Amino acid sequence: MAAPILRCISRGQGLGTPGLSGVLPLGLREAHSGAQGLLAMQKARGLFKEFFPERGTKTELPELFDRGTAGSFPQTIYCGFDPTADSLHVGHLLALLGLFHFQRAGHNVIALVGGATARLGDPSGRTKEREALEAERVQSNARALRQGLKALAANHQQLFANGRTWGSFTVLDNSAWYQKQDLVDFLAAVGGHFRMGTLLSRLSVQTRLKSSEGMSLAEFLYQVLQAYDFYYLFQHYRCRVQLGGSDQLGNIMSGYEFIHKLTGEDVFGISVPLITSTTGAKLGKSAGNAVWLNRDKTSPFELYQFFVRQQDDLVERYLKLFTFLPLPEIDHIMQLHVKEPEKRGPQKRLATEVTKLVHGQEGLDSAKRYRMITEGGVSINHRQVTNPESVLVVGQHILKNGLSLLKIGKRNFYIIKWLQL
């Protein structure tokens, strides 16, 4: 089996401009990056939460991404998604939106499916070990996730174009490089670059070690493999930034330290906030409250309804996080909402934008048709129909002469002639 590739990319290959001041983690300087700077804008929307490392880096993160800066160029950013299920869910959407915002600004993004790492289980944010998955199940889930990611990218490309030149969207699977590794060779080449004290100090590890269940060796090594993923993408795709949920910061730190130790180069991490339920629980499969992005698991109508039901005190934040709407337009939507709160305009716009991104225009149209029926907006022969699964009954919905009078909304009337009964 092939041993891991541990070669350094030399300085001067276009991986950044050395000698700039430290990264600006929380107070991105508007004067430096401009009011419309990519990172400053997403910080203002609330999408980008934390930046790592905070100081002592050779490249200032805003200059790395603001393409108007002299010497700047398209960067590569990645985010990982473990196939522990055969669908992504709403909890993954913010990381995807983060990738899309980078792509829209002309940078190249990678969605990495963890076809190998899913078998270990990420301990981050978990109180007990994830149930082990068979290799065949993980492979099947990984195929489904790759298809789902490509479909989302296609919807984004088709329905949300902004007239600018976009970067690429690439879907990879880390099983492609781990299948080529020999265990002993991998540990010999990689293991020596990690210090036990540092790995043990991570919050996710400390939390699990103090629990009654403890922590397995497989889970403990997860951060090593995620760090190697980052290194592999840095070597082969010149990827310098990892995007992830705020619970991934420890794993991102491991990747930064590993790459910096081997290459002397600086890489970065950006976290996005975690979306929680009204009780504060993280949305996802483990918590049992997942709202899936696969229409076979959560229909377009159910996804639409999830966002329509959001409370007034959350909807403005969600419009900023889950949509591409400009901030002035969101302000205008909220101003109208103050005047006519009963119309739930912000919630409907939020639901429309998200459903269109996830399920395309056809999915959005079907969700709205379904909603109109369930809310009593459809009647057949003056009989209101509220169940979309209703069976049309001859003599009730279809008259003996083969006609039906269909009413949709208040003013739309249609006479339907059934050719065959």
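## Notebook: a walk through the model

**Entry 1, His382.** I started with His382, which is exposed at a relative accessible area of 69%. In my notes, buried means under 20% relative accessible area, exposed means over 50%, and partly exposed lies in between, with a 1.4 Å probe and protein chains only. The model is predicted, so local features need pLDDT of at least 70 and side-chain atom pairs count only at pLDDT 80 or more, while totals for chains, interfaces and linings use all residues. Residues are numbered from 1 along each chain as its sequence is written, and side-chain values use heavy atoms, with hydrogens and water left out.

His382 sits in the loop between β7 (378–380) and β8. I took helices (H or I, at least four residues) and strands (E, at least two) as DSSP runs, numbered from the N terminus. I also looked up its phi, which is positive at about 65° although His382 is not a glycine. Most residues other than glycine have a negative phi, and most peptide bonds are trans.

In what order do the strands of the open sheet run? I read β8-β7-β9-β10, four strands with antiparallel pairing. The edge strands, each pairing on one side only, are β8 (383–384) and β10 (412–417). Two strands pair here if DSSP finds at least two bridges between them. Between β9 (residues 403–408) and β10 I found six bridges, in the antiparallel sense. Lys407 stands opposite Phe413 in β10.

Next I checked α16, which covers residues 345–374. Its 30 residues would reach 44 Å as a straight helix at 1.5 Å a residue, but the end C-alpha atoms are only 19 Å apart. The expected span is 1.5 Å times one less than the number of residues. Where is the kink in α16 centred? It is centred on His359, with an angle of about 125°. The bend at a residue is the angle between axes fitted to the seven residues ending there and the seven starting there. Just after α16, I noted that Gly376 takes a positive phi of about 85°.

I moved on to β5 (residues 241–245), where five of its five residues are buried. On one pairing, β5 meets β2 in the parallel sense over three bridges, and Tyr78 stands opposite Gln242 in β5. On another, five bridges join β5 to β6 (residues 268–272), again running parallel. There, Gly244 stands opposite Ser271 in β6. From β5 the chain crosses through helix α12 (residues 249–263) to β6, and this β-α-β crossover is right-handed. Right-handed means that, with the strands pointing away from the viewer, the path from the first strand over the helix to the second runs clockwise.

Is Val272 buried or exposed? Val272 counts as buried because its relative accessible area is 3%. I listed its contacts (heavy atoms within 4.5 Å), leaving out residues up to four places away in sequence; among them are Leu47, Phe48, Leu94, Leu243 and Gly244. Its C-alpha atom is separated by 9.5 Å from that of Gln248, 24 residues apart along the chain.

Gln75 lies in the loop between α3 (61–65) and β2 (76–81). Gln75 is buried, at 3% relative accessible area. Leaving out residues up to four places away in sequence, Gln75 touches Leu64, Phe65, His107, Asn108 and Arg240. Glu219, in helix α10 (residues 217–220), is buried at 1% relative accessibility. Glu219 and Ser124 are 95 residues apart in sequence and 9.3 Å apart in space, C-alpha to C-alpha.

Arg238, in the loop between α11 (222–237) and β5, has a phi near 55°, a positive value in a residue other than glycine. Arg238 counts as partly exposed, at 39% relative accessibility. I also found a cis peptide bond joining Phe52 and Pro53, with omega about -5°. Pro53 is placed in the loop between β1 (50–52) and α3.

How many disulfides did I count? With a disulfide taken as a pair of cysteine sulfur atoms within 2.5 Å, the count comes to zero. I looked at two cysteines as well: Cys79 is buried at 2% relative accessibility, and Cys239 is buried at 0% relative accessible area.
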